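This briefing goes through one protein chain, topic by topic. Keep the sequence and the 3D view open while reading.

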Amino acid sequence: MFSTARDSGLLSKNVHKWNNGSFLNLYKAAQDNQGNFTNVDKLSKKLNKKTHESSTAFTKDGNTMYFTRNNSDDGKFERDEDGVSRLKIYKATKENGEWNNIEELPFNGDSYSVAHPTLNNDESKLYFASDMPGTKGESDIYVVDINKDGTFSTPKNLGDRINTESRETFPFVTESDKLYFSSDGHPGLGGLDVFATDLKNERGEVFNIGRPLNGEEDDFSYIINEETKKGFFASNRKGGQGNDDIYSFIEMTPLDFTCHTAITGIVKDQKTNALLTDASVIVYDKDNKVVSSSQTDASGVFEMEGNCSEGAYKVVATKADYEDSTKTFNTEKSEDVTRIEVMLVQLDNGAPIGTDLAKYLNIEPIYFDFDKYFIREDAKISINKVLAYLNEYPNVNVQVRSHTDSRANDAYNMTLSANRAKATADYLIEAGIPSNRISYEGYGETELTNGCSNDVLCSKENHQFNRRSEFIVVE
């Protein structure tokens, strides 16, 4: 199915423009086993009037047809106040082998054009090009729902991802919901180029399908059969027989609509140049929407996937006790972005003097077994968090203060608590904290946390609460 001006003796110089001067009519041609087209026939006079007819779409049963025609009254041009005969989409149905019931669609208008219909796979949606009110550019791609009763929804503009300030036109939707269209607004090779995007991915990239199909001239009205990989398009490139010719092609390598743009980098301490682990990294697009997020690994490296759209982005890195830091970058042609380096400045907000780090860090209390002062395995988990804090704040000095419960005599408990304090301090020193930063003292049973004093009957659990160590910031 194709449109041509052959019977007028003229060739349409701008088939893709909506105000061309020659008359287009609809034709069909059959393809033989060798791929040659024969039996070129003009469609019925009910379809071809004294106006332009082009750009058809058919339901799978072949009984419903959508096509483009000038605004007309009984086949004669109707013009607006500017003297322009706008384009409209019409619908026809086949009865007993004849096309009848030709009617224009309800969202057409006399002051704007609606053209180039195409159906999605289940025939529930009709896509088209238009410059109706609300259009962002010279012409945009729109879609309407086809309701079960045959009515249509309000046209919906496909938005900024697809439509630009220039022309988007000649849409075609494949069985897998891939949209192909022509545009001179997206970055191209010249004139109208064919572009593609995955309608199922609202943030998917719009691809220029590239050479050899696109070139310096106009390339448009692309269609493809995804099963056979064969298709057609029109072009006014050099070497053709007319101004706009139809070309066939075979797709050798399918487009990969899945984007795999990588964003990688490192986060470092600005003062020490040390690589920072467990830093949170978030990438935002130009609209401040989150694109991806990650955390730095043991080597201070972050890796994530971008959304492949070209433009400006920013990386925001955050880590506890550090100021947030932002790094901006730009992407082009969906290329990977690597070697991003984000520097963080450590905050000088260490715990004030007198603070118990056990409470400040919200760690589990460090308990001891009855009459023992060795470091229990569960206690090491909490002590290691204090150790990490002391490594992060090398100017902080602490005193380890250990306590006992009220059982046994006071002198014995004082010695036991001193041993517990020394055992805890030794654990930190052996882990690498300089001994001049750690002091210790035993308090025996002088600072009980509850009422379990001498001669008071208490449970083992309540006595346990008093057998503890504290880490008090002293400098």
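In this predicted model, Glu310, Glu332, Glu335 and Asp336 form a negative surface patch. One of the four, Glu335, sits in the loop that runs between strand E26 (325-331) and strand E27 (337-344).

**Overall form**

- The protein chain has four helices and 31 strands.
- The protein chain is more spread out than a compact globule, because its radius of gyration is 38 Å, well over the 23 Å that the globule rule gives for 475 residues.
- The C-alpha trace of the protein chain spans about 120 × 50 × 45 Å along its principal axes.
- Of the 475 residues in the protein chain, 46% are buried.

**Salt bridges**

- Side chains of opposite charge can pair when their charged atoms come close.
- How many salt bridges does the count come to? The count comes to 15 salt bridges.
- Another salt bridge joins Asp219 to Arg237, and here the closest N and O atoms are 2.6 Å apart. This pair also links distant parts of the chain, 18 residues apart: Asp219 is in strand E18 (residues 219-225), while Arg237 is in the loop between strand E19 (230-235) and strand E20 (245-250).
- Are the two partners of that pair buried or exposed? Asp219 has a relative accessibility of 1%, so it counts as buried. Arg237 has a relative accessible area of 21%, so it is partly exposed.
- Arg211 forms a salt bridge with Glu216, and their closest N and O atoms lie 2.7 Å apart. Arg211 is exposed because its relative accessible area is 53%, and the cut-off for exposed is over 50%.
- Lys88, Glu104 and Asp110 are linked in a network of salt bridges.

**Backbone angles**

- Most residues other than glycine have a negative phi, and most peptide bonds are trans. The following residues depart from one or the other of these patterns.
- Which residues are joined by a cis peptide bond? The bond between Arg211 and Pro212 is cis, with omega at about 5°. Pro212 is in the loop between strand E17 (207-208) and E18.
- Glu123 is not a glycine, yet its phi is positive, at about 60°. The loop between strand E10 (114-119) and strand E11 (125-130) holds Glu123. Its relative accessibility is 24%, so Glu123 counts as partly exposed.
- Asn288, a residue other than glycine, also has a positive phi, with a value near 65°. Asn288 is placed in the loop between strand E22 (280-284) and strand E23 (290-295). Asn288 counts as partly exposed because its relative accessibility is 47%.

**Distances in sequence and in space**

- Lys286 is in the loop between E22 and E23, the loop that also holds Asn288. At 64% relative accessibility, Lys286 counts as exposed.
- How many residues separate Lys286 and Ala312 in sequence, and what is their distance in space? Lys286 and Ala312 are 26 residues apart in sequence, and their C-alpha atoms are 5.6 Å apart.
- Glu341 is in strand E27. Its relative accessibility is 33%, so Glu341 counts as partly exposed. Glu341 and Ile266 are 75 residues apart along the chain, and 5.1 Å separates their C-alpha atoms.
- Asn157 is in strand E13 (residues 156-157). Asn157 is buried because its relative accessible area is 19%, and buried means under 20%. Between the C-alpha atoms of Asn157 and Val400 there are 68 Å, and the two residues are 243 residues apart along the chain.

Terms used
Residues numbered from 1 in each chain as written. Predicted model: local features only at pLDDT ≥ 70, side-chain atom pairs only at ≥ 80, totals over all residues. Heavy atoms only, no water. Patch = residues over 30% accessible without salt bridge, like charges linked within 9 Å, V, L, I, M, F, W, Y side chains within 5 Å. Areas by Shrake-Rupley, 256 points an atom, 1.4 Å probe, with all protein chains shown as cover. Salt bridge = Lys/Arg side-chain N within 4 Å of Asp/Glu carboxyl O. Lys, Arg positive; Asp, Glu negative; His and termini not counted. Charge placed at Lys NZ, Arg CZ, Asp CG, Glu CD. Helix = DSSP H or I, 4+ residues; strand = E, 2+ residues; numbered from the N terminus. Rg over C-alpha atoms; globule rule 2.2 N^0.38 Å. Buried < 20%, exposed > 50% of the residue type's maximum accessible area, 1.4 Å probe, protein only.
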